[in-house]
Amino acid sequence: MQTTKIPGPAGLLEARYAPGDRDAWAILCHPHPLHGGSMDDAVLDVADTRFRAAGGGTVAFNFRGVGASEGRHDGGAGEVDDVLAVADWLEKHYTVGAPTLIGYSFGSSVAWRALQTLPRHTSAILIAPPFGGMAYPPIDGIAGAVIVGDQDPFVDAEVFRSWLAGQAGMRHIAIPDADHFLAHEHEALVTALDEAISLL
């Protein structure tokens with residue numbers, strides 16, 4: 001892994017990245033900054049590892065105000081702009097196909113909203129998205145998967161079912177008996193991520 005500082009709209013963003021064996025890339029978006037979320041999150045680390053195991057490259061970064069990233073938390077809107085800045089940096093420095101956005105919890109909502117203004121990004125993996133509490137506007141043409149623990153109290157099942165029915169390219173991958181934090185679910189998470197990555 002290499003480290004860098006990526007120019008963002010609120011200042012430099014702390015990031016680390018690793019090119020893969022092919023031109024597939026993933027941008028990793030971490031959980032809520034006000035609840036301890038950062039690019040060092042254990043769930044995202046598994047996602048990073050599995051995407052690279054499949055031959056892809058990854059970029060993990062801290063949203064504004066987290067770790068060594070400059071700026072202040074902006075409730076999600078500014079964090080969407082941070083994702084756009086990372087995507088721009090990636091495409092300027094590497095030959096990329098259509099990078100995948102991978103987000104966990106708060107990061108999944110930020111990643112999904114960023115897809116509204118990233119026309120070349122057509123795939124996503126959303127992990128434990130808090131449907132009912134955060135925004136997931138409908139977007140046509142996105143393929144990938146939504147990984148949800150079936151005991152996750154932050155996922156409104158009715159809202160999720162309705163959303164999923166309108167997103168034909170997104171597959172639901174359930175992790176039995178898992179909660180929002182996916183504690184003690186390493187092997188199940190690896191299996192779910194491998195399945196999700198195979199769909200891209």
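Author: Charges to begin with: the protein carries 12 positive and 25 negative side chains, and the centres of those two sets are 6 Å apart. In that tally Lys and Arg are the positive ones and Asp and Glu the negative ones, with His and the chain ends left out. Each charge is placed at NZ of Lys, CZ of Arg, CG of Asp or CD of Glu.

A word on the ground rules. This is a predicted model, where local features need pLDDT of at least 70 and side-chain atom pairs count only at pLDDT 80 or more, while totals for chains, interfaces and linings use all residues. Residues are numbered from 1 along each chain as its sequence is written, and side-chain values use heavy atoms, without hydrogens or water.

Now the fold. You're looking at 5 helices and 8 strands, arranged along the sequence as β-β-β-α-β-α-β-α-β-β-α-β-α. Those are DSSP runs numbered from the N terminus (helices are H or I with at least four residues, strands are E with at least two). For 200 residues a compact globule would have a radius of gyration near 16 Å, and this protein agrees, at 15 Å. That radius is taken over C-alpha atoms, and the globule rule is 2.2 Å times the number of residues to the power 0.38. Along its principal axes, the C-alpha trace spans about 40 × 35 × 35 Å.

How much is tucked away? Take the contacts in the protein with a separation of 6 or more: 66% of them join residues 24 or more positions apart. A contact here is heavy atoms within 4.5 Å.

So, your helix: I'd pick α3. This helix covers residues 106–114 and is mostly covered, with 8 of its 9 residues buried. The buried ones are Phe 106, Gly 107, Ser 108, Ser 109, Val 110, Ala 111, Trp 112 and Ala 114. An α-helix has 3.6 residues a turn, so residues three or four places apart point the same way. What sits over the buried residues of α3? Strands β3 (25–29), β5 (100–104), β6 (123–127) and β8 (170–175) are among the cover, as are helices α2 (77–93) and α4 (157–165).

Some of those covering strands have loops worth a glance. Ala 24 sits in the loop between β2 (11–18) and β3, and is buried at 18% relative accessibility. Its C-alpha is 5.9 Å from that of Gly 97, although the two are 73 residues apart along the chain. Leaving out residues up to four places away in sequence, Ala 24 touches Phe 51, Gly 56 and Gly 57.

Then there's Ala 128, in the loop between β6 and β7 (143–149). Ala 128 is buried, at 1% relative accessibility, and has a phi near 50°, positive in a residue other than glycine. His 184, in the loop between β8 and α5 (186–198), isn't a glycine either, yet has a positive phi of about 60°. At 81% relative accessibility, though, His 184 counts as exposed.

Conventions
Buried means under 20% relative accessible area, exposed over 50%, partly exposed in between (1.4 Å probe, protein chains only).
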